[in-house]
Amino acid sequence: MTEPTTTQRLFERYNTLTRRPTVLDPRTRAVVFKAFWRTLGSWLPADRRACILDIGSGEGALLAFLRDQGYTNLHGFDLSPENVAICHRLGLTFVQQFDALRLSEFPGPDHYDVIFAIDLVEHLPKQAAARFLEQVWEHLAPGGYTVIQTPNMGSVFGVYHRYYDLSHEFGLNEKSARDLLMVAGFRNEDIEIRPAWNATTLPGYFREVYLRLLHRLVFLAEDASRPRIPTKNLLIRARRP
């Protein structure tokens, strides 16, 4: 029998080993939902019946938020059995244990209006990332789009967040993220990348102001190719025509 890898061991008890809060706690739920509304609110589909897939559902925070917003046609999966169990405790009993790299085999609808991959791509082997995103493109309905969040290596805190999670495999900045999506088949004109501002409190807003100033100061020494997005995460929307 093959010995489990470090990453496989981590995913087996991902929530326990990473000590992540969950939206089972009402206080965490309130903060997380406010942050989701700020970061993703303008990118949510107007139709509450839109077919939505959440790849790498984690502990179910995004799906619980979408359900709270009135979305009814939700689908999701995660590699970690512990995460799936937490999703089920939240009433998200449709969430399955499944591997994102086998997306083409997922037993769900053939096409989705929106596919979320929040804090997922960085966990994939880099050599498999383009094929994964190609499968995402194939599962989007015409006019549908994917929303991706991933650590921003163009941030002054990029290296810290690149190595914050033991299962992170690689990192992207705003240029290489666009390159990856284009390698996977998305057109440049269909890709939008923006900062992931997510503060919901006054101290949080002050930290965002400080980050803007620090980012400009640090990258004064860089030429015109310097990164424009200072947030620790990138938010990306890529549409299928």
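Axes are lines fitted to C-alpha atoms, for helices over the stretch in contact, with angles from 0 to 180 degrees between N-to-C directions. The views show a predicted model, in which local features need pLDDT of at least 70 and side-chain atom pairs count only at pLDDT 80 or more, while totals for chains, interfaces and linings use all residues. Residues are numbered from 1 along each chain as its sequence is written, and side-chain values use heavy atoms, with hydrogens and water left out.

**View 1. Helix α6 lies across strands β1, β4 and β5.** α6 runs at about 145° to β5. Helices (H or I, at least four residues) and strands (E, at least two) are DSSP runs, numbered from the N terminus. Contact means heavy atoms within 4.5 Å.

**View 2. Helix α6 (residues 126-138) and helix α8 (residues 174-183) cross at roughly 60°.** Their axes come within 8 Å. That angle makes α6 oblique to α8 (under 35 degrees counts as roughly parallel, over 145 as roughly antiparallel, 65 to 115 as roughly perpendicular and the rest as oblique). A129, A130 and L133 of α6 make the contact with L180, L181 and V183 of α8. By class, this contact has 6 nonpolar, no polar and no charged residues (Ala, Val, Leu, Ile, Met, Phe, Trp, Tyr, Cys and Pro count as nonpolar, Asp, Glu, Lys and Arg as charged, and the others, Gly among them, as polar).

**View 3. Helix α4 (residues 61-68) has buried residues L62, L63, A64, F65 and L66.** Buried means under 20% relative accessible area, exposed over 50% and partly exposed in between (1.4 Å probe, protein chains only). The cover over the buried residues of α4 includes α3 (26-40), β1 (52-55), β2 (74-78) and β4 (112-118). Just after α4, G70 takes a positive phi of about 100°.

**View 4. An open sheet of 7 strands runs in the order β3-β2-β1-β4-β5-β7-β6.** Its pairing is mixed; two strands pair if DSSP finds at least two bridges between them. The edge strands, β3 (96-97) and β6 (191-195), each pair on one side only.

**View 5. Strand β5 (residues 140-151) pairs with β4.** The pairing is in the parallel sense over 6 bridges, and Q149 of β5 is the bridge partner of I118. In β5, 10 of its 12 residues are buried.

**View 6. Strands β6 and β7 (residues 233-239) run antiparallel.** They are joined by 5 bridges. L235 in β7 is the bridge partner of R194.
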